Structure formats: structure tokens, C-alpha cells
Amino acid sequence: QVHLVESGGGLVQPGGSLRLSCEASGFTSDAHSIGWFRQAPGKDREGVACIGDSDGGTVLSYSLEGRSRISQDKAKNTVYLDMWSLKPEDTAVYFCAARDPPGLCVSRWMDYWGKGTLVTVSS
């Protein structure tokens, strides 16, 4: 049984930074991709970043390009999303999701989801 647990969300001031973590368990191999998605109130879910679909990590969100980075620590089975220069419009619930076997991180194609962690950017 695959489980994904997000952590690291919270309240941050505009211009601040945050590191989200997604701890994965239950995979039988390293051959899977993990993505970060976010959903703001009243908006559709948006892909933020993906890792494991190709070499390195990919930032998917135009609005977060240049302000975020996805990385992983395979020894800890954890994927991180670092974000900086945060804006109020980055406020959302951030989810991690996995796809096994690996592939592009498209919301409707992901096989497993975490419960999400709330990020609030406000002064």
C-alpha cells in the first residue's frame, strides 16, 4: 500500500520561503514519479513540479517558475518542494502525488495522492 504524507505547510509572509516535504512509503522500486500539485479556493488543481518523469526535476507551474525547486532524497524516500519569494496568490493546499510506473505528472494520471498541506501567504 502506497502512502504519501505531506508536511511543511503553514503561514508565511509575502516574500518568505517554505520547504514542503512528501514522504513516500510502500513503493516496491524507485521507478515512479512524484509531483506536487496545488489547489486554491475556487480554482482548479494546478501542477507545480514533477520529479522522476525524466532526468532531474521539472517545474510545471508558470507562476512558480524561477521561485521553486523540486528535489528528492532517495535514502529518506522524500521529495521536497522549495519555494521562495512567495506571494499571496501562492496560497493553496499543496498535494503530492505519485505515478507508478513513472510518467508525466498530469493530475488525472496520478495513481496515489496525499492529503495535502495548507500554505497560506499573508502578512
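**Exercise 1.** Find out whether S85 is buried, partly exposed or exposed.

*Solution.* Start with the relative accessibility of S85, which is 37%. Next, apply the cut-offs: buried is under 20% relative accessible area, exposed is over 50%, and partly exposed lies in between (1.4 Å probe, protein chains only). S85 therefore counts as partly exposed. To place S85, look in the loop between β8 and β9; strands here are DSSP runs of E with at least two residues, numbered from the N terminus. Finally, check the backbone: S85 is not a glycine, yet its phi is positive, about 50°.

A word on the source: this is a predicted model, in which local features need pLDDT of at least 70 and side-chain atom pairs count only at pLDDT 80 or more, while totals for chains, interfaces and linings use all residues. Residues are numbered from 1 along each chain as its sequence is written, and side-chain values use heavy atoms, with hydrogens and water left out.

**Exercise 2.** Locate P101 and describe the peptide bond leading from D100 to P101.

*Solution.* Begin in the loop between β9 (92–99) and β10 (112–113), which holds P101. Then turn to the bond from D100: this peptide bond is cis, and its omega is near 5°.

Technical notes:
Helices (H or I, at least four residues) and strands (E, at least two) are DSSP runs, numbered from the N terminus.
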